[in-house]
Amino acid sequence: MGETPLTGNALEVRGLTRAFGARKALDKVDFDLPEGAFLSIFGPNGAGKTTLVKILTTLLNPSAGSVRVCGLDVVTDAVELRHKIGLISHNPLLYADLTAEENLLFFAEMYGIPDAEERVRELLESVELDHRRLDLTRTFSRGMLQRLSIARALLHRPDILFLDEPYSGLDPHAMDILDTLIAQIRGEHTFVMISHDLSKGLELCSHALILANGKVVMFDERDAIDEAAFRETYRATVGMGVA
Amino acid sequence: MASASWRQFKAILRKDLVMEMRTHEMITSMGLYAILTMVVYQIALTEAGEALDVRLVMPGLIWVAFIFMSLLGLNRSFVHEKDQGCIDALLLSPVDRPVIFFAKFSGNLLFLLAVEVLSLPVFAFLFLQGREGISNPIWLLGVVMLAASVGISGVGTLLATMTVNTSGKDILLAVVFVPLMYPLLRAAVGATFAAVIGGPGSIETFWSWMAWVAGFDVIMLLVAFGLYEFVIGA
Amino acid sequence: MNRTKIARLMLALGGVLTTAAFFMTFFWANASTFPDGRIDFGQKIFYFHVPVAEASFLVFFFTAFYGVKFLMTKDRRFDTRAKIATEVTLLFVLLTMATGILWTKVAWGVWWLWEPRLTTYFILTLLVIAYFVLRNSVEDEERRAVYASAFGILAFIDAPISFFITRWAESVHPVVLAGGEGSGLETPMLITFIVAQVGMLMLGYAFYEMRLHEEEIKERLEALKVTVGG
C-alpha cells in the first residue's frame with residue numbers, strides 16, 4: 001500500500017507550531033520517529049499532546065512548520081494519508097445504534113475496502129466479538145467497545161496507529177486484552193501513544209517524548225533513557241502549565 | 001475519486017437511515033411535535049369559529065409547524081455523530097468534507113419531507129373539513145414543500161454542525177436559524193397562499209414566489225457548501 | 001499620525017458634523033412644512049435615521065469581509081476585527097430601530113408596521129444579536145472564530161435578500177432618495193443630509209478603531225502573560 005518513504009521515518013516533524021493569537025498549543029516541535037517504532041508521549045494536561053496527535057492525524061492543520069507522516073504531508077496529502085493512519089481513542093468512535101458488524105461495514109465503505117465482509121468477519125474473530133456481531137454496540141461493555149474500536153482502527157490495515165489514552169476507563173481484564181492485542185500487532189505497525197500512565201507508557205515504548213507548554217522537554221530512545229532521571233523530569237513538568 | 005465519493009455518500013446516508021429506522025428518534029419527535037402544534041392551533045383559532053376562513057391563515061400555520069419541526073430533526077441529526085466521538089472517526093476516513101455535508105443534508109431533507117407529507121393531510125382533515133378546499137392543483141403544494149425544505153435542510157445542516165459543539169445547543173440553533181430563514185419562509189408562505197386561495201393570476205403569483213424560494217436555495221446552498229469544510233474541521 | 005490619533009480626530013469631527021446637521025435641520029433646511037404651515041418636526045429625524053441606517057449596512061459588510069479573511073488565513077486579528085465591526089453594527093442597528101420607530105409613530109400614527117424596512121431591520125437586529133449569542137456559546141477560541149465568521153457571512157448575504165423580498169411584497173415606506181414624484185431633496189436639505197451622513201460614517205470609523213485599539217491592547221497583555229508564564 002503506497003510507496004515506502006525515502007527516509008524510512010514514520011514521522012518527520014519540523015518546527016511544528018500551532019497557535020491561535022498569542023496562545024501557542026505547540027511551539028516549534030521537532031522530532032523524527034523511525035518506522036516500526038513505538039512512541040509514548042507524556043505530559044501534563046494542556047501540554048499539547050492531543051493537539052499534536054490531531055495534527056499528525058490530519059484533523060487539525062499546523063499554523064507553521066511541516067509535518068510528514070509515512071512520507072506524506074499532513075496538509076497537502078491529507079486524503080491519501082488518511083488511508084495509512086488508524087486511531088484508537090479512549091472514546092470508542094462507534095455508533096451506538098448500529099450493530100458491531102454494521103459499524104465495521106460502514107467504516108469499510110468509507111475506506112473503500114475490497115471484500116469488506118470477509119475482512120470484517122476476520123477482524124471480529126480476532127477481537128473475539130464474532131458471537132456478538134449482530135448486537136447493537138449500545139449493549140456492549142467498555143472493554144468490548146474498546147476491542148471493537150481496535151478492529152475499526154485496523155480495518156484498512158494502517159501503517160501507523162495512534163493511541164489516545166487507550167487504557168483510560170478500562171477494567172484490569174480489558175487492559176489485559178488490549179495488551180495482548182497490541183502485542184500481536186506490534187511488529188506490523190508504527191505506534192504513537194498518548195499516556196498518563198508513566199510505567200505503562202515506558203514499558204511499551206521504544207521512544208519517549210515529554211511535552212510541556214507546547215514544547216518538547218525530552219525526546220529519546222527508550223534504551224538511552226535513565227528511568228530515574230526520566231521520572232524526575234516528568235514529575236518536574238507535570239507541575240508546569242497546570243493552572 | 002468521484003465513484004469513491006458516491007460510495008461514501010451512500011454509506012453515510014444509509015447509516016443514518018438504518019439508525020433512524022431502528023430508533024425512530026427524529027420521525028417520532030417531529031411527528032409528535034406536528035400533532036401538538038395542531039392542538040395549539042385549535043386553541044388559537046377556536047374563538048374565531050366559523051367566522052374565520054382557515055385557508056387564509058393555513059399557509060402561515062403549516063410553515064410555522066414545519067420550521068420548528070425541522071429544528072427538532074436538525075438538532076438530533078448531529079447528536080449521533082457527537083455521542084461517542086464518531087465524527088472524528090468519520091473525519092479520519094479518506095472522505096471529502098462536502099460529501100459529509102451532502103449526505104447529512106440529504107438525510108435531513110428526507111426526514112423533514114416525510115413528516116411534512118404525513119402531517120399535511122392531518123392538518124387538512126382537522127381544519128378544512130366541510131369548508132372550501134384547496135383551489136389550485138394539490139401538487140403545487142408538493143413543489144413548495146420540496147423546494148423550501150431543500151433550503152431549510154441545507155442551511156440547517158451547516159448550522160446544526162456548529163451548534164452541536166456549543167453549550168445550550170437546542171436553543172442556539174433556533175436563535176441562529178430562524179432569522180436566517182426569514183426570506184425563505186416569507187416566499188414559501190406567499191407561494192402556499194397563492195396555491196391554496198387560487199383565483200385569477202394565482203398561478204403566476206405562485207411561480208414568482210417560487211423563483212424567490214429557488215433563488216434562496218441556490219445562493220444559500222452554495223454558501224453553506226463553501227463554508228462546510230471550515231466549520232466541520234473546526 | 002497613528003491610527004489612534006486619526007480615530008480621535010474622526011470622533012471629534014463626526015461629533016461636530018452630526019451636531020451641526022442637527023442644528024441645520026432647524027435653522028437652515030427648514031423646508032418641510034405641512035400644507036397648513038406647521039413645521040414637520042417628525043421629518044427632522046430623517047437626518048439621523050437614514051445616515052445611521054446606511055452606516056450600519058456598511059459596517060456589517062466588514063463583518064462578512066473580515067469573516068472571509070479569517071477563514072482564509074486563520075489569523076486571529078481578522079476575527080477580532082469582524083467581532084468589533086459587528087459590535088458597531090449592533091449599535092447602529094439599535095439606533096436605526098429606535099429612530100425608525102419614533103418616525104413611524106409621527107408619520108403613520110403607529111409605533112410599528114410590518115413594512116419592508118422595519119421588517120428587514122428587525123431581522124437584521126436578530127441576526128446581529130444571534131451572532132453574539134453564538135460567540136458566547138462556543139468555548140474553544142478558534143472554533144468560536146470559525147463559527148462566528150461563517151455565521152457573519154451567511155447573515156450578511158441573508159440581510160439584502162430579506163430586504164428585497166419584503167420590498168417586493170409591496171412597500172408603503174417612502175423611498176426618499178430613489179427619485180420619483182415629489183421625493184427629491186432641495187439643496188439645503190441635501191447638504192444637511194450629506195453633512196449628517198459623513199459625520200455618521202466618521203463616528204462609525206472612530207468607534208470601530210477605538211474598540212479595536214482597546215481589544216489589541218487586551219490581546220497584547222494576554223500575550224505578555226503567556227510569555228511571562230502566568
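1. Which pattern does chain C follow, read along the sequence? The answer is α-α-α-α-α-α. In total, chain C has six helices and zero strands. Both are DSSP runs, numbered from the N terminus (helices: H or I, at least four residues; strands: E, at least two).

2. A word on the basis. This is a predicted model, in which local features need pLDDT of at least 70 and side-chain atom pairs count only at pLDDT 80 or more, while totals for chains, interfaces and linings use all residues. Residues are numbered from 1 along each chain as its sequence is written, chains are lettered from A and ligands numbered from 1 in the order in which they are written, and side-chain values use heavy atoms, with hydrogens and water left out.

3. Chain C as a whole. Of its 230 residues, 47% are buried. Buried means under 20% relative accessible area, exposed over 50%, and partly exposed in between (1.4 Å probe, protein chains only). The chain exposes about 11,500 Å², and carbon and sulfur atoms supply 68% of that area. Accessible areas come from the Shrake-Rupley method with a 1.4 Å probe; for residues, only the protein chains shown count as cover.

4. Contacts in chain C. Take those between residues at least 6 apart in sequence: 78% join residues at least 24 apart. A contact means heavy atoms within 4.5 Å.

5. Salt bridges. Over all chains, the whole structure holds 36 of them. Each is a side-chain nitrogen of Lys or Arg within 4 Å of a carboxyl oxygen of Asp or Glu.

6. A pair in chain B. B:Glu25 and B:Arg76 form a salt bridge at 3.1 Å, N to O. B:Glu25 sits in helix α2 (residues 25–45) of chain B and B:Arg76 in helix α3 (residues 54–77) of chain B, so the bridge ties together parts 51 residues apart in sequence. B:Glu25 is partly exposed at 28% relative accessibility. B:Arg76 is partly exposed, also at 28%.

7. A pair across chain C. C:Arg76 meets C:Glu219 in a salt bridge at 4.0 Å, N to O. C:Arg76 is in helix α3 (residues 76–108) and C:Glu219 in helix α6 (residues 187–228), 143 residues apart. C:Arg76 is buried at 13%, and C:Glu219 is buried at 18%.

8. A pair within one helix. C:Glu215 bridges to C:Lys218, with the closest N and O atoms 3.7 Å apart. They are three residues apart in helix α6 of chain C, so about one helical turn separates them. C:Glu215 is buried at 9%, whereas C:Lys218 is partly exposed at 47%. Salt bridges with shared partners join both into one network with C:Lys83, C:Glu87, C:Arg211 and C:Glu214.
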